[in-house]
Amino acid sequence: MKKSIVLVLIFFAALLQAQENVSYQTPHDNILELADATAAPVLRMDSKSDKMLFLSRSNFKTIAELSETEMRLGGLRINPVTNIGSRQNYYTDIKLRNGRNSENVAVKGLPKNGRYAYFSFSPDETKVAFTNTTDTGVELWVLDFDTATATKLTDASINANMGSPFDWFKDNNSLLVKMLSNNRKSLIDTKTAVPTGPTISVSEEGVKAQNRTYQDLLKNRNDEHNFEQLALAQLYKVSLDGNKTKWKDDDMYTGISFSPDGKYIMVNTLQKPFSYIVTYGRFPSSTNIYDTNGNLVSEFLKTPLIEELPKGFMSTRTGKRSVSWRADRPSTLYWAEALDGGDPAIDVAYRDEVFQLDAPFNGTPKSLVKLKQRYAGVIWGDDDTAIAMDRWWNTRNSKTYIFNPSNNKEAPKLLWDRNYQDRYSDPGSFATKRNEYGRYALELSGDDAYLIGAGYSKDGKFPFIDKIDLKNKQTKRLYQSTETNKLENISDILDVKKGEILVRVESKNEFPNYYVKNIKRKKGAVALTQFENPFKSIQNVHKEVINYKRDDGLDLSGELYLPTNYEKGKKYPMIVWAYPREYKDKSSASQSTANPNQFTYPSYGSPIFWVTRGYVVLNNASFPIVGEGSKEPNDSFRSQLVANGKAAIDAVDKLGYIDRNRVAVGGHSYGAFMVANLLSHSDLFAAGIARSGAYNRTLTPFGFQSEERSYWEAPDVYYTMSPFMHADKMKTPMLLIHGEADNNSGTYPLQSERYFNALKGLGAPVRLVMLPKESHGYRAKESVMHLLWEQDQWLEEHVKNKPSVNTPNKILKD
């Protein structure tokens with residue numbers, strides 16, 4: 001009897017020791033100073049970069065904000081009290097500048113403790129509409145640049161549950177606004193509601209619905225009721241003097257889009273039946289066209305529920321899709337339609353066809369162009385010139401065509417046929433200009449268009465502007481950055497004739513700022529902003545991009561930082577932070593887009609904080625997974641992963657900076673999945689940090705990341721790649737962190753919980769931290785500070801203060 005009591009006491013003691021009663025902690029002062037630095041304002045500009053908004057916000061929400069009422073329905077997260085997304089980012093202060101050479105001024109009339117979102121310039125760019133969220137709901141406000149004054153247009157009755165709740169009429173004096181329905185029924189408290197029956201889902205024989213593992217789905221009829229009531233809205237025309245007129249009655253409005261000439265409005269609404277296996281974006285919908293008085297012009301499109309699609313990333317639905325307005329015409333709709341039934345397995349000459357239809361939208365659609373691959377967009381120029389793009393994921397191929405919208409007998413000209421992962425050969429993106437309708441269309445000078453390129457090369461990043469003759473496809477370089485000690489990015493071409501461009505310039509210790517530069521004159525650039533570096537304590541940290549090779553010869557790279565207290569000849573612990581990426585060819589996989597002149601910005605998820613704690617940091621280390629020809633990258637995922645890790649350690653060790661027996665590896669999401677695999681199948685690392693990952697791929701059986709094969713097609717791949725299946729091999733200390741409200745496809749909190757249970761059951765050294773209220777990315781200040789504390793404590797115990805032993809790192813064999 002006494003022996004039994006003793007065993008029970010020991011059991012309960014073990015349970016008590018398994019959990020720690022820890023309140024929110026703050027990290028070491030060196031880390032706290034950086035993590036709590038004031039963020040620079042976000043800049044919004046008009047099309048001429050003359051009118052500017054400087055929007056300030058906190059880096060974080062509070063845990064109290066994340067604890068506000070939240071409903072998770074149909075892929076949305078909604079605050080039913082305020083009727084806006086519960087995870088919405090807010091700005092808390094607005095300053096403006098009216099003219100490039102003017103001073104920033106505070107906006108008059110703003111409410112106290114405002115929470116601002118959804119900023120939108122008026123068609124003439126003299127005003128900006130935005131929302132303000134109060135404790136009881138969402139208001140509509142308008143800011144006037146000439147008077148620097150903000151005015152409230154409505155009370156807190158805006159419905160922002162389905163995204164942007166308004167759009168401007170062409171007259172610049174009124175807006176079409178989604179308001180709360182007067183007929184909304186009371187919401188059901190699903191926690192206390194008494195069920196009226198079971199929830200039943202049905203699968204028909206032979207009908208395949210191979211969907212990703214979505215979260216926040218509808219689960220029952222109570223959820224359906226709540227979703228419908230929260231989506232329900234009425235459309236009102238609201239003038240700038242505050243008068244409002246009902247424009248359309250109750251419906252579940254998702255999108256409002258005015259034609260370029262402002263005479264027609266495309267309105268998208270959701271319909272029933274809803275689904276329990278896909279998010280609201282695939283619910284049935286209607287697309288109708290109205291005139292500005294709300295009269296129905298065309299019932300343009302009815303889209304059915306989309307639960308079943310052919311297998312593959314390139315699958316799509318049949319019928320009209322991607323319906324939008326031509327930017328260069330007053331009121332012309334265009335869209336794409338699949339010619340292969342939406343099935344990538346069907347071999348056809350052309351996959352998609354693009355059509356258009358002019359107002360009043362009751363004629364026969366006109367075919368514009370057929371595409372060999374899946375439609376990826378159109379850039380409109382004028383009646384004779386447009387650019388079409390298609391793409392095919394399986395081959396990483398993209399094609400760009402020039403076509404004549406007025407003559408479909410004229411064959412489109414192939415402009416580029418390339419691997420879109422090949423960054424070094426990227427010809428750039430077409431520059432666009434705001435046209436007479438206030439829409440952005442191709443910047444054209446006769447037959448010439450303009451390209452803005454990132455300018456990645458083996459020697460670094462040197463952005464450029466090219467002029468391209470669309471008739472003969474010849475290019476002429478107009479400008480290329482020659483910066484070697486700074487990083488210049490070209491944001492826009494402001495005036496082709498004058499040679500004015502907008503650039504963003506930064507260095508590793510200079511915060512990014514905007515400048516107007518003249519590429520035709522040698523005069524210095526004019527600064528538009530003068531944001532200061534908020535991270536002074538690390539502004540002089542040594543940073544370089546290192547290049548090295550994997551054992552198979554593949555070129556790799558990473559951003560290397562040395563500790564702030566670095567002493568030559570001393571060996572330091574190191575943190576490797578990475579994220580695996582899949583490629584179909586070695587050439588693209590070996591390219592580097594890292595730049596030593598990029599500003600050193602320690603965001604909350606970054607490992608850079610630890611340079612202040614005596615660590616070498618290899619950030620954004622290359623972890624390519626390559627599968628050429630008929631082989632898929634994941635066929636050799638594990639061996640390539642370990643080879644990448646070994647190469648990173650070898651490279652920094654060769655430079656003489658580190659004690660290779662004190663190296664940690666960390667990653668978020670798919671990077672966490674990487675960490676668990678590295679610790680299970682190698683002895684390269686002293687410890688690991690895995691945040692918000694997925695560890696059992698049988699829980700995501702219809703594909704994950706870039707894997708489109710299902711579990712039943714490639715069971716060995718799913719088994720081999722799942723750390724959960726190899727938990728018995730894990731002997732290295734690992735810190736698991738997960739938001740308990742993770743909404744990312746596949747990374748259920750259950751993934752970390754079950755993996756922890758398996759590791760604990762097998763005696764592995766592991767710690768699980770579940771962050772209350774947090775999603776896939778972490779938002780609350782309390783959560784982020786505790787996250788940094790947890791990581792710091794883990795690294796101090798298992799890496800920095802790990803006894804150094806002279807045993808070489810090795811790869812473990814199964």
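**A strand pair and its surroundings**

Modeller: In strand β13, V177 is the residue that stands opposite F166. This is a predicted model, so that holds for everything that follows. F166 belongs to β12, which covers residues 166-168. β12 and β13 (residues 174-180) run antiparallel and are joined by 3 bridges. The two strands are part of an open sheet of 4 strands, in the order β12-β13-β14-β15, with antiparallel pairing. β12 and β15 (244-251) are its edge strands; each has a single partner strand, so one side of each has no neighbour in the sheet. From one strand to the next, the twist averages 20°.

β28 and β31 (residues 448-453) run antiparallel and are joined by 2 bridges. Within that pair, S429 has I452 in β31 as its bridge partner.

The loop between β34 (464-469) and β35 (475-480) contains Q474. Is Q474 buried or exposed? Its relative accessibility is 53%, so Q474 counts as exposed. For that step the cut-off is needed: exposed means over 50%. Leaving aside residues up to four places away in sequence, Q474 touches K467, I468 and D469. Q474 and D448 are 26 residues apart along the chain, and their C-alpha atoms are separated by 9.7 Å.

Strand β18 (residues 285-291) is mostly covered, with 7 of its 7 residues buried. S285, T287, I289 and D291 point one way from β18, while S286, N288 and Y290 point the other way, and all are buried. One partner of β18 is strand β17 (residues 264-270), which runs antiparallel to β18 and is joined to it by 7 bridges. In that pairing, V267 stands opposite N288 of β18. Strand β19 (residues 296-303) also pairs with β18 in the antiparallel sense, over 6 bridges. There, S286 has K302 of β19 opposite. β18 and β19 form a hairpin with 4 residues between the strands, and in this hairpin G294 takes a positive phi near 90°.

Of its 8 residues, 6 are buried, so β25 is largely enclosed by the rest of the structure. Strand β24 (residues 374-382) runs antiparallel to β25, and 7 bridges join the two. They form a hairpin with 2 residues between them. β25 also pairs with strand β26 (residues 397-403), in the antiparallel sense and over 7 bridges.

With 7% relative accessibility, S606 counts as buried. A polar atom of the S606 side chain lies 3.0 Å from the backbone nitrogen of I608.

The last part is a pair of helices. In general, two packed helices are described by the angle between their axes and the distance between the axes. Helix α6 (residues 637-654) packs with helix α7 (residues 670-681) at an angle of about 85°, and their axes are 10 Å apart. That angle makes α6 roughly perpendicular to α7. The contact is made by F637, R638, L641 and V642 in α6 with Y670, F673, M674, N677, L678 and H681 in α7. By type, the residues of this contact divide into 7 nonpolar, 2 polar and 1 charged.

Methods. Residues numbered from 1 in each chain as written. Predicted model: local features only at pLDDT ≥ 70, side-chain atom pairs only at ≥ 80, totals over all residues. Heavy atoms only, no water. Buried < 20%, exposed > 50% of the residue type's maximum accessible area, 1.4 Å probe, protein only. Contact = heavy atoms within 4.5 Å. Pairing = 2+ DSSP bridges. Axes fitted to C-alpha atoms, helices over the stretch in contact; angles between N-to-C directions. Parallel < 35°, antiparallel > 145°, perpendicular 65-115°, else oblique. Nonpolar A, V, L, I, M, F, W, Y, C, P; charged D, E, K, R; others polar. Polar contact = N/O pair within 3.5 Å; in protein donor to acceptor, adjacent residues only side chain to side chain.
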